[in-house]
Each structure stands twice: as C-alpha cells, then as structure tokens.
Amino acid sequence: MNDYAIELLSINKSFGRVPVLKDVDFKLRKGSIHALVGGNGAGKSTLMKILTGVYVKDSGTCKVNGKEVVIHNYNEARREGISLIFQELSLIPTLDVTDNIFLNKEIKKGGLLDYKTMNQRAIQLMKKLEIELDVNEKIKNLGVGSCQLVEIAKALSDDTSVIVMDEPTASLSDKEIAILFKIIKQLKARGISIVYISHRMNEIFQIADEISVLYSGKVVASKPTQEFTLNSLIESMLGGKKNEESMKWKERKTQIGIHNVLEVKNLYIDDIIKNVSFVVKQSEIVGLAGLMGSGRTEILETIFGLRKKKSGTILMENKEINNVKQAINNKIALIPEDRRRSGLVLMHSLCDNIIITNLDKVRKYGFIKNKKVKKISNEAIDNLNIKSDGIKIKTSLLSGGNQQKVVISKWLATSPKLIILDEPTSGVDIHAKTEILEILRNYADEGNSVLFVSSELSEMIAICDRIIVLKDGEATGELTHKDIKNEEVLHYAIQKEKSN
Amino acid sequence: MQYKKKNQINIYDYIVYIVFAIVLLLFALWLGGNFFSASNLLNVTRQTAMVSIMAVAMCFVIASGEIDLSVGAVVALSALTAAWILEKTNNIMFALMGALVLGILIGAINGLLVTLLNIPSFLATLGTSSIIRGFAMWFTATKAISIRNETFNFMFGMGKIKFMPIVFIWTVLVLIIGYIQLTKLSYGKKVLAIGGNQIAARYSGINITKIKILIFSEMGLLSAFAGIIYAARMQTARYTYGQGDEMNVIAAVVLGGTAMSGGKGNIIGAVIGSLLLGVINNGLIIGGLDTSQQQIVRGFIIIIAVAFSTFSRKK
C-alpha cells in the first residue's frame, strides 16, 4: 500500500518567462494535516491550483494514491477526490444549504428534483460533522464561519479524500475557529488528508502534522511540525537570508516633524476594531502591521471616511473627519487594497482615471481643457515612470505595477498631506515595488505623511519609521525603526499572543 | 526602445454612422426621390425630435449604469400640464415652466428612489411610470386638451425658419448641450466613472447620490420638453402621448454605441440612432408596406443593427 494520498514531484511552472515553481516536491500523507506556508508570491496558491487543475504544470508528476494522473480542470480533480475550499467562498448566497451542497449534482427522481432525499442527505452530512445548522437556511443569512463549514460539507458530499484549505480562518472568530479545528481533526480521524494554507503560525503549530515551507518557488523545508520552532519556521519562510538590497532601510533626508498630522483616538469600528489610538507626524511613514483579518483595511477605510466608526475621533490637522468629502478636503488620499475593484475604472483610459480626482485642476471656466488633461497625465507618466503607450491607453491593458502607479498618480496629483496605502505592492513586480517605495520615501521627505499597510514585512521595514502592530482589532505593540533589527522581530510581534 | 503608433481610429465606435448610411442608401435606391429628398428627410428629423431629445438624456442614464422607463409617461403628463396652463392663462412662459419643473421633480423622485431607497432603477421607474400615466388619465378624465395658442404651436411644433423646422433646431441645441456636458464638463466624467466602476468612483470621492439625482432630473426635464413638443405639434395634449417611447429611446441610445452596462456614452450616436429608427419607419411607410409588415421588418432591422454594433464592439 501507498502511504501518500498526493505526491507532487519535481513540479515546474512559469508564467511567461517568470518561473513560479521550481522543482517542487510535495507529499501529503494519508490521514494527515500538512501545512503549506510561505510569503506572498512564494507559490503556495499556484501549487494548489496545479493540484486542483486550475493551472496546468509545465513539467513534473502528480500521483494520487500512488497512481500517476493528469488533472486538467477542477471537475477532474473532484473525480480524483480532491476538493478545494476556496478563499473566496464558492457558495451561492441566494440558495439554501441543501441546494448549495448538491449544486450541479442534484439528485433527481423521474426527471424532477428530489428535495426530500437531498434534504435528508444534507442533514446526515451535518450530523456526521456535528454541525448544528438548518439545511434550509439561505447562505446569505449565515455567518462566514458557517459558510466555511457548508463548504466542507459540500466537499465531503463528493466522497472527497483530500481537502485543500486556503486561509480558512482569515475571517473567522475564535469560537468558529475552534469548531473548524474540531471538524478538521474529525476529518483526519476518518482518513481524510488535508492541505492547510495559513499565515497564522499559532494555528499551524496547533493543528499540522507536517509543515512544508515555500520560498520564491522552491521548497526550503519540509518536516514534521515538532522539528520546527516559531523562530526556525519564520527563518525558513524568509529563505534564511537577508533582505534584498532594494528592500533595505534607507536613511531619510528629512527629520520627522513634531506636530501631529493625523490623530486617531479610541477608535471602535463595528465589532472589528477595539480602542485603537495612534498618531502620524509630519514627514513620518507609519506602518500598520498585522495578519489578514486583523482590521488593517477597516482602519484605513474609516480614516478616509468610507466606513462609519462606532466611536472615537479621527483628526486630520485638528479637523474632524467623518466622511470622504471631509477627508479629501483635508488632503487625505487613500490608495485602496484592490486596485482593479476600487482603484480604477478599468474600461477607461489612463488620463480619464487620473483626472477623476483632479477635475478642479483640469478645468477653465468650468470646461475641461484637453491641454491640462494632457499635462497632468504626462506629468504622472514622467514622475512615476509609468510604462504606457500614451495617455489614452485603457488601464485594463496595463501591467499590475503600472496600474498601481496610475492609482498612486491620481491621488498624488491632488497633493495630499497624508497618503494612506493599503497593500500597494500586491501583485506588483519587484522592480515596480522598489519604485513605489522610493516614491513614498521622496514624498515623505517633502514634508508629507504616509500611512502604510503591507503583508510583506520586508517592505514595511524598508520604509516605515514606526510600525504599529495590530492583532484581532487591537493595537498590541509599537516598534520604531530602531527596535526592528530584522524581519524576525516583526514577524514575532505579529504572531505572538496578547501579552496580558 | 522608442516607437510611434498611429492615432488609432476605432471603426467600431462609428458603426452607427455606417449602419445609418447603409440604411439611407438602401432606401434611396429602393424608393428614389420620394424618400431621398430634402423635404422628406427634414420631415424625419421633425418626427424623431422627441425621441432624439430624450435619447440625449437617456445617454447619461444608461452610461451611469441605470435605466429610466418612466420617460413616456412624463411626456404625457407634461404635455397635459402645458396644455392645461395654456388653457387657463394663455401664458407660454407659465406653461413651459410648469411642465419643465414637473419633469425635473419627477426625475428627482426617480433619482431618490434609486439612490436613497436602493431600488433598482428598472423597477423604480416602472412603478413611477404607472403612477404618472395614471395621473395623466385622472387629471383630464382621459379627455384631450386642445391648444389654441398659435405662438406656442409655432415655437415648439410646426414652425419653420426659412426651410428649417424649429423642432430640428431645438434637437440640435439639446444635442450640443448634452455633448458638452458629457465630454467637456466634470459632470460627464463623473457620470462615466460611476457607470464604469461605481466602487472606484466612491473611493475617488465622487458623490454618487448627488450625481445620480442630477442624471434622473435631467432625464425628467428633457422628457417634459419632449412632451411640450408633442403637444405643440399636435396642437392638443392627450394622456396617450409617449406610450412605448421609452423603448425607442433606449434602442436609439444603445444603437448609438452607449454600453447598456454603463461606463461609456455617445451622445451624437444616440441622436443618429434615433434618426435611424425614424428613417426606417419613414422608408417603410413610403415603401407602401402595411402596418403589420412595417412592424415585422422594423423588428428585423433593429435586431440586425444592434447585433452588428455589439458584435463588432466585442473585438
């Protein structure tokens, strides 16, 4: 008998000329929980997408239960007993639990849907998993945690033997996580193998039998959990090496000012953010560090007035900010997390995107002057080194890095005093990343302030004068640049439990 | 590496003009001078003036990702309002103001329903459409009101300056204003940004509620103006005016290259689209087809024209 449910051997994959996976071996023991960790862009998702047939590998072998298979699409993966619990849940909100579980594999009787049998089976599944849930409840009425469980039930209804979970706890509460872990252990006891992808080290140590670490497309460590410590795991996640040259701290030309540009006092947002206070001074770059779901985005969006706060005050140069209009009038700019969704109108041209925040600047007697539009757009292209074939090019045709530069330009042109950036470098190539960081440094040197969020800690260390650590919606620490000797220190601060 | 690229002209943006030219040519070949004469073509511009004027405003509505089905009903109610005020006061200014202000108010209500109550515009305006048409019937107990003010009828109806129908001049005026609004004012840029990506528009600080209320108000205003033209042309106002016009207006806008999904608008195209529909009607009547045949052929031509323009746009 074979010990492994899945064996991926010498997998290679490139996107264009960029290699994403290099000779990756990944073996999943039957009935075990195998954690897959690594920084953003390390190749975790790509590897799992190859396993589930979303991407096709360039070379390498894939064995399921010792037998070599070629998986072309997700349906074939499911036939091999492999299920993926999507990060973005794949449930249909307007249908109920039963409908979702049996979607596209409905049970029929005489050509008509057999609701009775489907409901019974759904109830059985729930019982097996010890989930208390009404199977006739619509998905939209359920919390994220319950949806996650329905996803698992859906996977199990396929007679699955392998479940891939991508960041399953990112948006769950502690209580829901406990339920999820109970179910994962139960699944394991039933001989189901699980690939568990997460950034949360505590959870991994709690639940995984084995850990594989990916670093820029290579497996740098793969051994039983007991052989890792938090420190050694973090070290291998960073590839056991020093920061790249471009990601190094550079001494700033301007001293940090004394007066507070932004003051956030006792901020509460829904049930997410609890009593967060901090300030950003003139010429200062402040980072908010924390895991996904720690409340970073919510804080940024509230400062910009997009979200309603429950209580607390946000002062920009001593003026209160409660809505977007006030934020913009008081010279705040937000570069949102998802540039394609919230940053750009992709079907519109580069210049139309840039002027939308600067309509006052391109007008004369109320009329938009093409000359001014050209000037402001060409300035953006020159200042930020945007690679674009003219200003009329559709932004959907630009690369990720250049799209991001367009979003930054449209706000820099408003000459903000405080620029807030939410993951500005995600999906951006290393060269553009370096450029974006340099733009921010120069901007702060000119006497402006920056509030910066990134999942890539090396970036934060490279530019932040001060970093505020967030965990589960609370500020748990504050580190100045001098405190952070290396990336491990910051990693540790983010991962560690509250000290009280 | 430096390279130059020609100023690309995207032929597909001009497809409606090409279709228009082809249809014009085919009818001219088929029907000769009866169709292809200055007087007949000017006649077409007069017949289509109402739809053309409403198409300009509908361009903004559709470009912002919304729809307005109440325009036909607004035509009827504003025509009756103008006629009623003329009957009571014989004052053209009062009649105009009364009808136009009513149009703006109805539009603003549509806008409020869509933004503040979050009702999909399709349903909100379907509802208001029924209410307005009902009011129009109730208001006069379904009777017509005739208009005896000759100046009014001249200025907004059958009048001509030399050979130029006055309603044609009104149409061109509305077209120019709409064109400037969409391409030269920040208002137009905001409308397109909302239709292209409402979330990004919100993150850019655009006041979506305000802009959408303005869009619907302008739609109401121009529908009311179309109602005035209807009344003046017929020298009467009836509650049946504008029935089904909303569909012609929407068809004209889409034919003209405005995306149903929003984010893109073409004012000149919308007016050409309206003329295209008018030319088809006119040509088929001159061609001697009976009403049932006209309906069938018109349906086919619309489908072919839209298929042609949307198909080519995908490339």
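Contact, in this tour, means heavy atoms within 4.5 Å. Helices (H or I, at least four residues) and strands (E, at least two) are DSSP runs, numbered from the N terminus.

The model is predicted: local features need pLDDT of at least 70, side-chain atom pairs count only at pLDDT 80 or more, and totals for chains, interfaces and linings use all residues. Residues are numbered from 1 along each chain as its sequence is written, chains are lettered from A and ligands numbered from 1 in the order in which they are written, and side-chain values use heavy atoms, with hydrogens and water left out.

**First stop: α8 and α10 of chain B**

Select residues 186–196 of chain B, which form helix α8(B), together with α10(B); their axes come within 10 Å and cross at roughly 105 degrees. Axes are lines fitted to C-alpha atoms, for helices over the stretch in contact, and angles run from 0 to 180 degrees between N-to-C directions. The two helices α8(B) and α10(B) are therefore roughly perpendicular. Angles under 35 degrees count as roughly parallel, over 145 as roughly antiparallel, 65 to 115 as roughly perpendicular and the rest as oblique.

Display the side chains next. From α8(B), B:Y187, B:K190, B:V191 and B:I194 meet B:I208, B:I211, B:K212, B:L214, B:I215 and B:E218 of α10(B). This contact has seven nonpolar, no polar and three charged residues. Here Ala, Val, Leu, Ile, Met, Phe, Trp, Tyr, Cys and Pro count as nonpolar, Asp, Glu, Lys and Arg as charged, and the others, Gly among them, as polar.

**Second stop: α3 and α10 of chain B**

On the α3(B) side, the contact includes B:V71, B:V74 and B:A82, while α10(B) contributes, among others, B:M219, B:G220 and B:A231. By class, 11 residues of the contact between α3(B) and α10(B) are nonpolar, four are polar and none is charged.

**Third stop: between the chains**

Now show both chains. How many residues of chain B are in contact with chain A? There are 22, and they touch 28 residues of chain A. The buried area (the accessible area, with a 1.4 Å probe, that two parts lose on being put together, summed over both) is about 2,000 Å² between chain B and chain A, and carbon and sulfur atoms give 61% of it.

Select B:K189 and A:D352, which form a salt bridge with the closest N and O atoms 3.1 Å apart. A salt bridge is a side-chain nitrogen of Lys or Arg within 4 Å of a carboxyl oxygen of Asp or Glu. Across this interface the rule finds one salt bridge, and over all chains the count comes to 19.

**Last stop: within chain A**

Select A:D271 and A:K310, a salt bridge whose closest N and O atoms are 3.4 Å apart. This pair links distant parts of the chain, 39 residues apart: A:D271 is in the loop between β13 and β14, and A:K310 in the loop between α9 and β16.
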